[in-house]
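Q: I would like to learn how to read the main features of a protein model. Can we go through them one at a time?

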Amino acid sequence: MAGMTEYKCPACGGAMEFNSSTQKLKCPYCDTEMEPEAFAEAQQDGLQTEESDWEETTESSWEAAENDQWQEEETAGMRVYVCESCGGEIVADETTGATSCPFCGNHVVMKGQFSGDRKPNGIIPFKLDRKAAKEAYQKHLKGKKFLPGIFKSENHIDEIKGVYVPFWLFDAEVKADISYRAEQVKTWRTGNKEYTERSFFDVHRGGYLSFSRIPAEASGKMDQTLMEAIEPYQAEEMVPFQPAYLAGYLADRYDISVEESAGRAEERIRKSTEDAFRETVQNYNVVNCTHSQIRVMHADYRYVLYPVWILNTTWKGRKYVFAMNGQTGKMVGDLPVDNSAKWKSIGIKTILIAAALYALQWIIMFI
């Protein structure tokens with residue numbers, strides 16, 4: 001039986017792909033277009049996927065969102081590929097035919113049918129296509145002062161891949177009770193004498209704060225520097241997950257547990273809460289925190305996928321990786337430096353500065 005993840009065109013039977021421009025599934029053979037939701041309903045005979053309630057909270061420490069289990073028919077056409085070099089795992093539908101790793105560019109081999117893992121609660125679909133990624137790459141190379149002149153002509157793009165990167169999103173409501181020892185210092189002079197008055201105060205703050213969609217990367221294989229550099233994503237444009245959004249793209253398989261990420265999220269929440277409360281203690285010369293109690297009252301997490309275009313290039317035997325936010329178009333990447341041009345520029349600047357100082361010295365002498 002044809003499963004939803006096979007993405008077969010209902011008109012001609014061809015393999016459909018998600019079109020980032022129209023935000024619809026499109027058949028490259030007969031040009032049939034369908035909304036992902038409509039496609040899911042048609043292919044699954046009315047199968048309904050529950051939407052996550054982003055406002056719902058729970059009483060326990062960290063709770064998973066509802067509907068985070070894959071249905072058997074949803075994974076029927078998905079395959080897992082493993083990189084022989086870095087060990088990275090990616091998930092793709094069986095029509096994609098992945099052959100190289102988007103992380104290091106080396107060969108990947110079929111591991112087997114996809115199973116297990118949590119089902120994403122939300123996804124930001126690709127809004128920019130492969131052509132936009134190439135244009136952003138060329139634009140990224142412009143204006144780089146110390147980029148070797150022949151890099152643009154000799155550097156070749158080996159491969160461009162659209163990859164959904166996994167993230168954990170944390171929502172929490174916290175109760176805080178924080179105490180401070182504050183000091184006010186007044187100084188004045190009467191005649192020849194200077195007086196200093198020090199007053200001490202016990203200051204208390206208490207209340208509630210809410211945090212929404214705190215992100216934490218769920219992939220240890222992705223270059224963290226690159227992923228942070230292409231942020232932020234516009235989370236308000238997230239939609240409930242449908243497997244059809246993966247058609248024609250790869251999905252990185254998460255390898256950082258929610259428990260590990262939750263610890264970092266709690267630390268971030270704690271620090272943000274303390275900073276927010278500290279800003280309310282004003283008009284004191286010195287403020288020291290003497291007691292801080294921050295308790296997570298309601299908390300849950302969501303597993304989501306964010307779109308990234310990854311470009312692997314090679315120049316003089318070295319690989320260069322570039323990443324573009326598939327939603328906003330922000331492009332980043334490491335570039336080689338022409339050291340001779342760099343040091344020449346530094347030398348010229350040094351000479352100009354020295355000449356200016358020398359001229360200034362002579363002007364001062366004759367004033």
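**Reading the model**

Q: Where does K161 sit, and why does K161 count as buried?
A: K161 counts as buried because its relative accessibility is 12%, and the cut-off for that class is under 20%. The residue is found in strand β9. Leaving aside residues up to four places away in sequence, K161 touches S100, P102, R130, L250, V308, W309 and I310. This is a predicted model.

Q: What are the overall counts for the protein: helices and strands, and the buried percentage?
A: The protein has six helices and 15 strands. Of its 367 residues, 41% count as buried. The accessible surface comes to about 19,800 Å², and carbon and sulfur atoms hold 49% of that area. For contacts between residues at least 6 apart in sequence, 75% join residues at least 24 apart.

Q: How many residues has the largest nonpolar core, and which of them have the most contacts inside it?
A: The largest nonpolar core has 58 residues. Those with the most contacts inside this core are Y164, W168, F170, L246, W309 and L311. Elements that give two or more residues to the core include β5 (78-83), α2 (130-141), β9 (156-190), α5 (258-278) and β13 (286-315). The largest share, ten residues, comes from β9. Another core, of 25 residues, lies apart from it, with C101, V163, I230 and L250 among its members.

Q: How is a pair of aromatic rings described?
A: The description uses the distance of the centres and the angle of the planes. In this structure, a search of the whole model finds 16 aromatic pairs. The rings of F126 and Y249 have centres 4.2 Å apart and planes at 5°, so this pair is stacked. The pair links distant parts of the chain, 123 residues apart: F126 is in the loop between β8 (122-123) and α2, and Y249 is in the loop between β11 (239-240) and β12 (250-252). Both F126 and Y249 are buried.

Q: Why is the pair of F170 and Y301 tilted?
A: The centres of the F170 and Y301 rings are 6.4 Å apart and the planes are at 55°, so the pair is tilted. Planes under 30 degrees apart would count as stacked, and over 60 as edge-to-face. F170 lies in strand β9 and Y301 in strand β13, so the pair ties together parts that are 131 residues apart in sequence. F170 and Y301 are each buried. Together with W168, Y254 and Y303, F170 and Y301 form one aromatic cluster.

Q: How do the strands of a sheet pair?
A: Strands pair through backbone hydrogen bonds, in either a parallel or an antiparallel sense. Here, three strands form an open sheet in the order β1-β2-β3, with antiparallel pairing. Its edge strands are β1 (17-19) and β3 (33-34), each pairing on one side only. β1 pairs with β2 (residues 24-26) over three bridges, and the bridge partner of E17 in β2 is K26.

Q: In which sense does β13 pair with β8, and in which sense with β14?
A: β8 and β13 pair in the parallel sense over two bridges; the bridge partner of I123 in β13 is L305. β13 and β14 pair in the antiparallel sense over eight bridges, and the bridge partner of L311 in β14 is F322. The hairpin of β13 and β14 has two residues between the strands, and K316 takes a positive phi near 55° there.

Note on methods: Residues numbered from 1 in each chain as written. Predicted model: local features only at pLDDT ≥ 70, side-chain atom pairs only at ≥ 80, totals over all residues. Heavy atoms only, no water. Core = buried A, V, L, I, M, F, W, Y, C linked by side-chain atoms within 4.5 Å. Buried < 20%, exposed > 50% of the residue type's maximum accessible area, 1.4 Å probe, protein only. Helix = DSSP H or I, 4+ residues; strand = E, 2+ residues; numbered from the N terminus. Contact = heavy atoms within 4.5 Å. Areas by Shrake-Rupley, 256 points an atom, 1.4 Å probe, with all protein chains shown as cover. Pairing = 2+ DSSP bridges. Phe/Tyr/Trp six-rings, centres within 6.5 Å; stacked < 30°, edge-to-face > 60°.
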